[in-house]
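New notebook page, new structure. I'll jot down what I look up as I go.

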Amino acid sequence: MNMPVNMPVNMPVAPALSTRGPVLIVGTGLLGTSLALALSAARIEVQLADTSPTSLALARDMGAGRVRTSGDAEPRIVVVATPPDVTAGVVLRELDAHPGAVVTDVASVKDSVAAEVRAHGGDSARRYVGSHPMAGRERSGAVAADSDLFVGRPWVIVGEWADPDSVLRIRNLAVDVGATPVLMTAAEHDAAVAAVSHVPQLLSSLLAARLEELPESALALAGQGLRDTTRIAASDPRLWSAIIVGNAEPVAELLRAVRTDLDLLIEGIAPALLPSAPSERSFPGGADAIIPGAVGAITDVMSRGNTGRARIPGKHGGAPRRYAEVQVLVPDSAGELGRLFSDVGAAGVNIEDFSLEHSPGQRAGLAMLSVLPAAAQGLQEALGAQGWRVVVG
């Protein structure tokens, strides 16, 4: 078989994209600019619009697309990426302005927007497909944008009243930026995100708020658990206020359930606060013999927490897999973490999950590498041979 002299051999073939431009993105914050960067990198024409000239100029200068002008070609898709409290109004405006386009939005609340579109009349409902990429960061704005933000993330598509072709167009958009489409109704979506996103945000913020007046000496004892549970408490209060208000009913229902759990927990442990409570030393049975209500209440909530945590899907979706954890001390100096990853790769082991615990003042952090159980022993030996201090047990 004759081949052209300059034809590269075994070159990866770029996947064919289904999305056709122009795509107009209205709103150049984190999600809008990230989507624009991903589409522009795939050489899909992107037009940008925003009421903020500063944000618009920043997105343009980052290479996200070009600012839309009155003489530009009509978009085939319009993506509204504005704050959730103004999303519905912008969606309606774009539906009227671009009668040949499918309009979607990326707001984290769907039912209220869909209701306003249906009430608008005409063919609006057929051309509107609500959507919500389950991706984000604590930081907001175009400056935090990332073209890979949606890769491997679920992208909810709500098209209960839309034409199938309109739904397909938005589904293809999600796939083309690396996301996984998930079809849901608006009500299903809002109830789901209340449980997996909105209430966790509030609970994280409530926990972090308890640290506001804590002495520095107490904060110095903080470990990775506190950092993990308060990480999202650094989110934008104005943005989240609009999100929570827009999804108030499902959020309030869940908060009431959490309040019930808290009341039961408080009632269970309250006997331990009574001055007349007997000392643990007086009972050979230990704590169970003293305050069985407290032990039962704590055990119940933690056991239910264990069960709920175990239901969170694993790395590749579906049921979570069980991994072995290899713990390694990493010196706090430049390049050490990179050297660890390099040595793990050289051992032929894939890291399924990773976390690093580094307490203030410590000269080394504890890296926790989650790997397949069959690879754990060999990895420990390989890292030990490279001079790493592997913590066993």
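Predicted model: local features only at pLDDT ≥ 70, side-chain atom pairs only at ≥ 80, totals over all residues.

Among contacts between residues at least 6 apart in sequence, what percentage join residues at least 24 apart? I looked it up for the protein chain, and the figure is 69%.

**Entry: the whole chain.** I found 15 helices and twelve strands. The chain has 393 residues, and 35% of them are buried.

Entry: I traced eight strands in an open sheet with mixed pairing, running β3-β2-β1-β4-β5-β6-β7-β8. At the edges sit β3 (66–67) and β8 (180–183), each pairing on one side only. Then I checked β1 against β4: they pair in the parallel sense, over four bridges. Valine 26 has valine 80 of β4 opposite it. Helix α1 packs on this sheet, where it touches β1, β2, β4, β6 (128–133) and β7. The direction of α1 makes about 160 degrees with that of β1.

**Entry: the core.** Next I wanted the largest nonpolar core, which holds 35 residues. Those touching the most other members are Ile25, Leu35, Leu39, Leu48, Val79, Phe150 and Trp155. Several elements give at least two residues each, including β1 (23–26), α2 (53–61) and α6 (164–176). Which element gives the largest share of this core? That is α1, with seven residues. I followed up on leucine 39: leaving out residues up to four places away in sequence, it touches Val23, Ile25, Ile44, Val46, Leu173 and Val177.

**Entry: salt bridges.** My search of the whole structure turned up 14. I looked at three of them.

- Aspartate 61 bridges to arginine 60, with the closest N and O atoms 3.0 Å apart. Aspartate 61 counts as exposed because its relative accessibility is 57%, while arginine 60, at 40%, counts as partly exposed.
- Arginine 68 bridges to glutamate 74, with the closest N and O atoms 3.1 Å apart. Glutamate 74 is partly exposed at 42% relative accessible area.
- Aspartate 163 and arginine 126 meet at 2.9 Å, N to O. Aspartate 163 is in the loop between β7 and α6 and arginine 126 is in helix α5 (residues 124–127), so this pair ties together parts 37 residues apart in sequence.

Notes: Residues numbered from 1 in each chain as written. Heavy atoms only, no water. Core = buried A, V, L, I, M, F, W, Y, C linked by side-chain atoms within 4.5 Å. Buried < 20%, exposed > 50% of the residue type's maximum accessible area, 1.4 Å probe, protein only. Contact = heavy atoms within 4.5 Å. Pairing = 2+ DSSP bridges. Axes fitted to C-alpha atoms, helices over the stretch in contact; angles between N-to-C directions. Salt bridge = Lys/Arg side-chain N within 4 Å of Asp/Glu carboxyl O.
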